[in-house]
Amino acid sequence: MANRANRPPAAAGRSPLGRRSFLRISGSGLLAAGLTGSLTACGGGGGGSSSKNLVWWDYLVEDARQPGIKALIAAIEKNVPGLKITRRTFPYAELEPAIIKGAASGDLPDLAIIDNTSMNSLAPQGLLTDLTDRVKEWGQADAYYKGPWSSGVVDGKTYSVPNNANCLALYYNTELLESAGVEPPKTWDELSAAARKLTKGSTFGLAMSAIKTEEGVFQLLPFLWSAGADLDTFATGGATALSYLGDLVKAGALSKQCVGWTQQDVNNQFTSGRAAMQINGPWQLPGLKQQSKVKWGVVPIPVDKEPASCLGGENWVILKTSGKADQAWRAIEYSQRKKPLAAYLGSVGLLPARSDMADSGDWATDPTLKVFVREFGNARPRSYGEHYPQMSKAMAEALQATLTGSSSPGAAAKKAADAMTPLLSK
């Protein structure tokens, strides 16, 4: 989940498909007993096994997903002649360290499905195969949304192909908005006014995660980007975004408790009626559709200067040590054909990174999913290089300092900018 991301927060309750369905920032709380580090197909890890055997690693461990993943493996083996796949799963927080450790021990897979933010560290370390020439010959890069595709481009070279994608939007309680005479907000001013008007009794107008992890940063970044800023202008643009959110807390429209809320906690606030609106992702949809207490709708995150959302999801990569890059590429290429890809995504509760699939699959008929798919056009990857974890930490600290009142937005933004600027130039 960031982060689908580079740091695991404390595990929290999730829907049947789990929050990892879209944003990889959680720990291993839902990992089935005995699954940690185990093989889900016969054989062991490492790319040096028999010539017909292709080893892949991932952290897609939820029970509900396994039939769909097994079906994809079976389809690849059937349609890529002579190929047999051995799959190994890890808890989210352990996959990237396992790859880094495997580089020293020689125990690495041929291909893997990784958090798209892991591209920040794995590609610069020289662990991934450069796919630029293969992608050019393939000719399918333009079929993907810009955000998901660019998450795999490092220093002008392509090192991955998107496996799936997700982003954030604004959920709203339709009954509460109707009774208050409030329209779903489209701008920051409208969001602020709506949140204040909808705050009554034990119900806050807005809920969002501001926890001191990548999960909170994932929700802060759309506000930074919408203000027309980025990490290199955080001292000013970050101050704008932090001030906006801080003012909502001061007004009582956003609970001070958000500094400790995960995105699942935020959804719990929403479904319990304690929040009239929430910023969250499509991984909450299974749980929302199963409950009947709250009637809800979804719109894009309200805009300041420009529309923005934060990109999450996973990417396919081929490890540089693999002696079977051709076979691994054929497996990836088959997985991205529209028919098997639609079947896979639908069976595991994921959304397509391919813009040319917007009109096929569940997302073509489900109006809520359509909102998220359309938002991919405004969703940005966190492609800031190998020092992104340190930059994320600086932003998380600035968000906490502002919302707890321990620092002014301007001072918090400046402190974060001072920490990030030297890292951006490396």
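**Reading sheets and helices in a predicted model**

Q: Which residue in β12 is the bridge partner of Asp115?
A: The bridge partner of Asp115 in β12 is Glu314. The model shown here is predicted. Strands of a sheet pair through backbone hydrogen bonds, either parallel or antiparallel. Here strand β3, residues 111-115, and strand β12, residues 314-318, run antiparallel and are joined by 5 bridges.

Q: How many helices and strands are there in the protein?
A: The protein has 16 helices and 13 strands. Its chain counts 426 residues, and 60% of them are buried. The exposed surface comes to about 16,000 Å², with 51% of it supplied by carbon and sulfur atoms.

Q: In what order do the strands of the sheet with β3 and β12 stand?
A: The order is β2-β1-β3-β12-β6, an open sheet of 5 strands with mixed pairing. The edge places are held by β2 (84-89) and β6 (161-162); each has a single partner strand, so one side of each has no neighbour in the sheet.

Q: In which sense do β1 and β2 run, parallel or antiparallel?
A: They run parallel: 6 bridges join β1, residues 53-58, to β2. Within this part of the sheet, Val55 stands opposite Thr86 in β2.

Q: Which residues stand opposite each other between β9 and its partner strands?
A: Two partners can be taken in turn. β8 and β9 pair in the parallel sense over 3 bridges; Leu206 stands opposite Met277 in β9, and the bridge partner of Ala207 is Gln278. β7 and β9 pair in the antiparallel sense over 4 bridges, and there Tyr171 stands opposite Gln278. As for cover, 6 of the 6 residues of β9 are buried.

Q: Which residues of α7 are buried?
A: An α-helix has 3.6 residues a turn, so residues three or four places apart point the same way. In α7, residues 188-198, the buried residues are Trp188, Leu191, Ser192, Ala194, Ala195 and Leu198. These residues pack against several elements, among them β7 (169-173), α6 (174-180), β8 (204-207) and α9 (234-250).

Q: Where is Leu248 found, and what does Leu248 touch?
A: Leu248 is found in helix α9. Its relative accessibility is 1%, so it counts as buried; the cut-off for that word is under 20%. Not counting residues up to four places away in sequence, Leu248 touches Ser192, Ala195, Arg196, Leu206, Ala253 and Leu254. Two of these, Ser192 and Ala195, are also among the buried residues of α7. Leu248 and Gly205 are 43 residues apart in sequence, while their C-alpha atoms are 9.2 Å apart in space.

Q: How is the packing of α8 and α15 described?
A: Two packed helices are described by the angle between their axes and the distance between the axes. Helix α8, residues 214-226, packs on helix α15, residues 388-404, at an angle of about 75°, with the axes 9 Å apart. The two are therefore roughly perpendicular to each other, a term that covers angles of 65 to 115 degrees.

Q: Which residues meet between α8 and α15?
A: From α8, Glu214, Gly216, Val217, Leu220 and Leu221 take part; from α15, Tyr388, Ser392, Met395, Ala396 and Leu399 do. By class, the contact has 7 nonpolar, 2 polar and 1 charged residues.

How values were computed:
Residues numbered from 1 in each chain as written. Predicted model: local features only at pLDDT ≥ 70, side-chain atom pairs only at ≥ 80, totals over all residues. Heavy atoms only, no water. Buried < 20%, exposed > 50% of the residue type's maximum accessible area, 1.4 Å probe, protein only. Areas by Shrake-Rupley, 256 points an atom, 1.4 Å probe, with all protein chains shown as cover. Pairing = 2+ DSSP bridges. Axes fitted to C-alpha atoms, helices over the stretch in contact; angles between N-to-C directions. Parallel < 35°, antiparallel > 145°, perpendicular 65-115°, else oblique. Contact = heavy atoms within 4.5 Å. Nonpolar A, V, L, I, M, F, W, Y, C, P; charged D, E, K, R; others polar.
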